[in-house]
Amino acid sequence: MPASDKSLLASIHDVSPRFSDQIDRLADRLARHLGEPRFAMLVVPDHWGEAPIAGNRAFHARLRDWHATGVELFVHGWFHRDDSRHAGAATGFKARHMTAGEGEFLGLDGEEALDRMRRGRALIEDIVGAEVAGFIAPAWLYGPGALAALSTAGFAIAEDHLRVWSPLDGRVLARGPVVTWASRSQGRIASSIAFAALARHALAPMRTVRVAVHPGDTGVPRLLDSIDATFGRLLHGRKPGRYRDLLTA
Ligand SMILES: [Zn+2]
């Protein structure tokens with residue numbers, strides 16, 4: 001396929017007033033790699049119940065500015081933190097060990113999941129005066145309630161670790177693991193750097209690749225080096241893309 005058909009979808013996770021400085025640094029860094037602010041931002045309406053966007057006028061202005069420059073905005077949970085009690089031992093294990101308790105939508109029932117999705121969407125759409133691009137669950141983890149809610153919430157796009165799909169019709173829009181980094185322990189840092197080094201070569205032939213960064217990455221120079229190397233490699237013969245373009249591809 002022609003190189004111009006290949007795209008890179010970049011995203012900044014956990015966009016919240018709590019991480020304003022880190023988000024700015026990531027946005028600058030990504031814009032340098034991509035030549036323009038062509039990336040998605042995953043917005044958390046009230047991170048851990050301690051950083052509400054609702055009454056924060058300064059942050060509203062920043063969301064509007066980002067949206068005006070072409071940044072795609074996704075609803076990224078409500079609290080981000082997993083505050084539910086998990087019924088199944090296996091699910092509980094997955095929540096604790098895979099996500100450090102950040103899998104908010106893993107244990108929610110359908111009603112609560114739908115309510116948080118709708119409130120998150122209304123909040124962001126009221127602020128920017130336009131539709132959000134879609135919904136992405138914290139830590140890319142969807143329990144049965146979240147999946148049921150997605151089928152009625154009306155979002156055009158969702159993604160998990162391995163694919164992007166449209167909840168409107170179930171169509172899979174892109175496949176392949178997202179390249180991302182973890183900063184919460186030395187072991188996670190080392191393994192995410194190793195995975196990125198492998199993935200930026202292994203994924204090079206794919207039509208669509210995804211790269212996701214988090215606020216915590218900015219505090220670890222080794223991670224920033226790996227992020228830079230990954231964008232450098234994956235952008236060979238590939239253009240920065242938009243999630244919404246997958247709907248018409
Ligand atoms: Zn997140």
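Q: What makes the second largest pocket a pocket, and how much space lies in it?
A: About 310 Å³ of space lies in the second largest pocket. On a 1 Å grid over the protein atoms alone, a pocket is an open set of points with protein on both sides within 12 Å along at least five of seven lines. A volume is the space filled by probe spheres set on the points, which are joined across faces, edges and corners. The model is predicted, so local features need pLDDT of at least 70 and side-chain atom pairs pLDDT 80 or more, while totals for chains, interfaces and linings use all residues. Residues are numbered from 1 along each chain as its sequence is written, and side-chain values use heavy atoms, without hydrogens and water.

Q: Which residues line the second largest pocket nearest its centre?
A: Its lining has 18 residues, and Asp5, Ser7, Arg207, Thr208 and Leu246 lie nearest the centre. Lining residues have an atom within 4 Å of a point. S1, strand S7 (172–175) and S10 each give two or more residues. The largest share, three residues, comes from S7.

Q: How is the lining of the second largest pocket divided by class?
A: It has seven nonpolar, four polar and seven charged residues. Ala, Val, Leu, Ile, Met, Phe, Trp, Tyr, Cys and Pro count as nonpolar, Asp, Glu, Lys and Arg as charged, and the others, Gly among them, as polar.

Q: What makes a space a cavity, and how many of 30 Å³ or more are there?
A: In a cavity a 1.4 Å probe fits but cannot get out. By this rule there is one cavity of 30 Å³ or more. The largest cavity has a volume of about 40 Å³. Its lining includes Arg175, Gly176 and Pro177. S9 gives the most to this lining, with three residues.

Q: Why is aspartate 14 called buried?
A: Buried means under 20% relative accessible area, exposed over 50%, and partly exposed in between (1.4 Å probe, protein chains only). Aspartate 14 has 9% relative accessibility, so it counts as buried. Histidine 76 has a relative accessible area of 0%, so it is buried.

Q: What makes Asp14, His76 and His80 donors of the zinc ion?
A: Donors are N, O and S atoms within 2.8 Å of the metal (3.2 Å for Na, K and Ca). Asp14 (OD), His76 (NE2) and His80 (NE2) lie 2.0 to 2.1 Å from the zinc ion. Water is not among the atoms, so sites may look incomplete. In sequence the donor residues are spaced D-x61-H-x3-H. Aspartate 14 is in strand S1, and histidine 76 is in the loop between strand S3 (72–75) and helix H3 (89–99), 62 residues apart.

Q: How do you know that the span of helix H1 agrees with its number of residues?
A: Helices (H or I, at least four residues) and strands (E, at least two) are DSSP runs, numbered from the N terminus. The expected span is 1.5 Å times one less than the number of residues. H1 (residues 20–34) has 15 residues, so it should span 21 Å; its end C-alpha atoms are 21 Å apart, which agrees. Just after H1, glycine 35 takes a positive phi of about 85°.

Q: Why does glutamate 125 count as buried, and what does it touch?
A: Its relative accessibility is 19%, so glutamate 125 counts as buried. Its place is in helix H4 (residues 110–128). Contact means heavy atoms within 4.5 Å. Glutamate 125 touches Ala130, Glu131 and Val132, not counting residues up to four places away in sequence.
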